[in-house]
Amino acid sequence: MNELVPGGNLPLPGGTLTLGVPGPFDVSALVTGADGKVRDDADFVFYNQPSAPGVRLLGGELTVHPPGLRAGADRVTVVVCPADPSVPLGALPAPTLHVTGVDGRAVARFSPPRPQRETVLLLAELYRRGTGWKLRALGQGYTDGLAGVARDFGVEVTEDVPPARTPEPALARAPDSFLSLVNATRTRAGSPPVTLDARLAAAAHAHAAAMADRGALATESADGTSVHQRITRGGYAYLTVGEHLVSGPRTPAEFVEYCLTDERSRRTLCEPAFTETGVACVAGRRPGDLYWTALWARPFTPAGLVRTADEVIALTNAERAAAGLPPLAADPLLTAAAQAHCADMVARAFYAHTSPDGREPWDRAAAAGSRHRAVGENIACGQRSPAEVVRGWMDSPGHRANILKPAFTHMGVGFAGGGRAGTYWTQLFGG
């Protein structure tokens with residue numbers, strides 16, 4: 001049996017799967033297509049509607065038969081909430097998902113971090129990958145109940161009050177209150193204070209407004225623009241970036257409190273590397289809906305880029321030293337090629353070793369003037385620090401092989417912020 005962590009995934013066996021969450025919980029499921037939306041309300045399986053093609057809720061357990069799902073279904077998201085709506089999740093034991101196969105054998109188990117203020121959890125999702133299916137652990141919380149989850153997935157939820165935008169929250173009138181709360185929290189965590197930046201605030205407001213219009217939390221708006229692209233298009237270049245996309249809190253104090261209930265969110269709020277922030281909150285179309293975007297960053301400087309590259313080289317050489325290999329020397333020509341590739345991936349919105357015009361790593365190295373006969377490349381996207389990206393490469397057999405290849409003697413490092421993933425990294429090796 002596999003024990004999953006948030007974000008972990010594994011292939012699923014064929015046949016019918018049973019998913020249960022023991023304890024005082026209600027389990028439900030949303031069947032969606034590739035767009036992440038239900039086709040109609042029949043795709044929502046819960047206690048008042050216990051079945052859909054390929055999915056059935058019986059005795060508190062879900063059975064999912066992927067071949068029996070409706071045409072166009074690519075994903076089944078498992079949702080859990082308290083059986084007694086008056087009891088918050090934080091007052092209950094942490095829910096644990098158990099997945100068993102058709103033969104009754106345990107396939108996987110997932111216990112997310114214990115919820116705090118959340119009223120509903122997206123616990124896991126079964127998703128199509130090629131001709132097979134996989135399971136991914138989620139643990140994403142909602143504070144606005146099962147109706148809020150259903151709305152985000154496209155289910156029509158009837159409300160007693162006609163849809164209307166609610167007034168802007170206190171944040172719109174007093175952004176400094178947000179800053180004072182954040183910096184007090186950062187001081188207690190031993191992190192330096194951050195300052196407000198108008199460009200980050202403008203990007204945050206644009207993204208929060210897009211989420212409010214769409215009625216859903218998302219890193220990309222309906223037109224495909226990512227929150228990171230909003231930052232760079234507003235003229236802000238960064239060396240590291242973080243974001244909070246939240247719905248539910250009514251005031252800056254509630255927002256900060258919410259960010260402290262989850263370890264990953266807490267790390268972002270208190271990350272020592274961040275020096276600037278921008279925040280916005282926009283009211284949604286339904287009464288009480290508020291959509292928050294908080295952006296955190298350290299601005300780009302040439303010296304900061306050099307320090308970032310030097311840290312990647314130092315961490316890489318530490319891994320080589322641990323394996324008994326000599327260090328790699330920094331190579332300015334390889335660095336130029338690596339940096340250009342990162343910038344190209346952001347500018348042309350791709351992520352690959354082969355550029356859209358067909359150039360390969362060795363082509364880029366040669367074009368920069370490098371004469372190394374052996375050339376290798378590692379790329380990565382989304383990591384927020386040198387330590388995170390090097391650890392990710394070392395955890396991947398192919399990337400690890402490049403880092404520990406005895407024939408390589410030199411290396412260049414590139415980094416660019418922006419694009420859909422937020423950060424893009426390149427290691428270009430030569431020997």
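Predicted model: local features only at pLDDT ≥ 70, side-chain atom pairs only at ≥ 80, totals over all residues.

Biologist: How many helices and strands does the protein have?

Modeller: Both kinds of element are there. The count comes to 12 helices and 21 strands.

Biologist: What radius of gyration does the protein have, and why does it count as compact as a globular protein of that length?

Modeller: For 431 residues the globule rule gives 22 Å. The protein's own value is close to that, so it is as compact as a globular protein of that length. Along its principal axes, the C-alpha trace spans about 70 × 60 × 40 Å. The radius of gyration you asked for is 24 Å.

Biologist: Which residues have the most contacts inside the largest nonpolar core?

Modeller: That core has 35 residues. One of those with the most contacts inside it is Leu 135, and, leaving aside neighbours within four places in sequence, Leu 135 touches residues including Leu 4, Val 99 and Tyr 127.

Biologist: How many residues are in the second, separate core?

Modeller: Among its members are Ile 313, Leu 328, Trp 393 and Phe 415. This second core is separate and has 20 residues.

Biologist: Is Gly 90 buried, partly exposed or exposed?

Modeller: Gly 90 sits in the loop between β9 (75–82) and β10 (97–100). Leaving aside neighbours within four places in sequence, its contacts are Arg 114, Pro 115 and Gln 116. Buried would need under 20% relative accessible area and exposed over 50%. At 24% relative accessibility, Gly 90 therefore counts as partly exposed.

Biologist: And Ala 366: which helix is it in, and what is its relative accessible area?

Modeller: Ala 366 belongs to helix α10 (residues 361–367). It is partly exposed, with a relative accessible area of 48%.

Biologist: How many Å separate the C-alpha atoms of Ala 366 and Leu 217?

Modeller: Along the chain, Ala 366 and Leu 217 are 149 residues apart.

Biologist: Last one: how far apart are the mean positions of the positive and negative charges?

Modeller: The protein carries 41 positive and 42 negative charges. Take the mean position of each set, and the two are 5 Å apart.

Key
Residues numbered from 1 in each chain as written. Heavy atoms only, no water. Core = buried A, V, L, I, M, F, W, Y, C linked by side-chain atoms within 4.5 Å. Buried < 20%, exposed > 50% of the residue type's maximum accessible area, 1.4 Å probe, protein only. Contact = heavy atoms within 4.5 Å. Helix = DSSP H or I, 4+ residues; strand = E, 2+ residues; numbered from the N terminus. Rg over C-alpha atoms; globule rule 2.2 N^0.38 Å. Lys, Arg positive; Asp, Glu negative; His and termini not counted. Charge placed at Lys NZ, Arg CZ, Asp CG, Glu CD.
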